[in-house]
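Let's take a friendly walk through a protein model, one piece at a time. Have a look at the picture first, then read on.

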Amino acid sequence: MSIDACIAHAIHSDLDILQVLPELKSMPVESLEPYIENYILTVQQDLRQVIVNRGDKFIRSKDAAGLCATCMEAGVGIPPKMLLKMCQTILQLSTIDARFILDTEEGASLFYVKMAIDMKAKQVK
């Protein structure tokens with residue numbers, strides 16, 4: 001997957017917007033969408049900039065903690081535990097190559113997927 005797709009997926013799956021932005025609870029409903037959208041776009045740009053400029057060695061070595069520390073050092077304002085989970089997701093997805101092929105007549109989408117699997121990794125219970 002592209003780094004942009006990896007970051008977008010990590011934001012979608014791992015970012016707890018209410019934990020990061022507790023002020024949302026007291027905001028008027030009509031202000032929420034632009035506020036959240038602006039925050040997410042900023043986080044996405046910040047993560048992309050850090051990863052592109054300083055994250056290659058962490059991506060190659062599958063070092064989520066190092067990537068997380070680099071993002072924190074660069075000023076990405078997400079709580080460390082949440083940011084680490086996002087970095088882990090980014091690293092996992094960066095080893096997956098998925099490409100859209102076509103939509104079938106039945107309405108299903110067909111993708112080509114290539115991924116790396118670490119058979120030596122220990123299972124966490």
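Helices (H or I, at least four residues) and strands (E, at least two) are DSSP runs, numbered from the N terminus. Axes are lines fitted to C-alpha atoms, for helices over the stretch in contact, and angles run from 0 to 180 degrees between N-to-C directions. This is a predicted model, in which local features need pLDDT of at least 70 and side-chain atom pairs count only at pLDDT 80 or more, while totals for chains, interfaces and linings use all residues. Residues are numbered from 1 along each chain as its sequence is written, and side-chain values use heavy atoms, with hydrogens and water left out.

**The overall layout**

The chain holds 6 helices and 2 strands. Starting at the N terminus, the order is α-α-α-α-α-α-β-β. Of its 125 residues, 27% are buried (buried means under 20% relative accessible area, exposed over 50%, and partly exposed in between, with a 1.4 Å probe and protein chains only). A contact means heavy atoms within 4.5 Å. Among contacts between residues at least 6 apart in sequence, 51% join residues at least 24 apart.

How do α3 and α5 meet, and at what angle do they cross? The axes of α3 (residues 29-54) and α5 (residues 64-73) come within 10 Å and cross at roughly 115°. On the α3 side the contact is made by L47, V50, I51 and R54, and on the α5 side by L67, T70, C71 and E73. These residues divide into 5 nonpolar, 1 polar and 2 charged (Ala, Val, Leu, Ile, Met, Phe, Trp, Tyr, Cys and Pro count as nonpolar, Asp, Glu, Lys and Arg as charged, and the others, Gly among them, as polar).

**The nonpolar core**

In soluble globular proteins, nonpolar side chains tend to be buried together. A nonpolar core is a set of buried Ala, Val, Leu, Ile, Met, Phe, Trp, Tyr and Cys residues joined through side-chain atoms within 4.5 Å. The largest one here has 28 residues, and L15, L47, L67, C71, I78 and L83 touch the most other members. At least two residues each come from α1 (3-14), α3, α4 (56-61), α5 and α6, and α6 gives the largest share, 7 residues. Leaving out residues up to four places away in sequence, C71 touches L47, V50, V76, L83 and C87.

Helix α6 (residues 80-94) has 15 residues and spans 21 Å from its first C-alpha to its last, close to the 21 Å expected at 1.5 Å a residue. That expected span is 1.5 Å times one less than the number of residues. Buried residues in α6 include M82, L83, M86 and C87.

Is V20 buried or exposed? V20 counts as buried because its relative accessibility is 14%. V20 lies in α2 (residues 17-20), and it touches L15, Y39, G77, P79 and M82, not counting residues up to four places away in sequence. D46 belongs to α3.

| Pair | Apart in sequence | C-alpha to C-alpha |
|---|---|---|
| V20 and P79 | 59 residues | 7.3 Å |
| D46 and V76 | 30 residues | 6.6 Å |

D46 is partly exposed, because its relative accessibility is 31%. K62 sits in the loop between α4 and α5 and, at 44% relative accessibility, counts as partly exposed. Most residues other than glycine have a negative phi. K62 is not a glycine, yet its phi is positive, about 55°.
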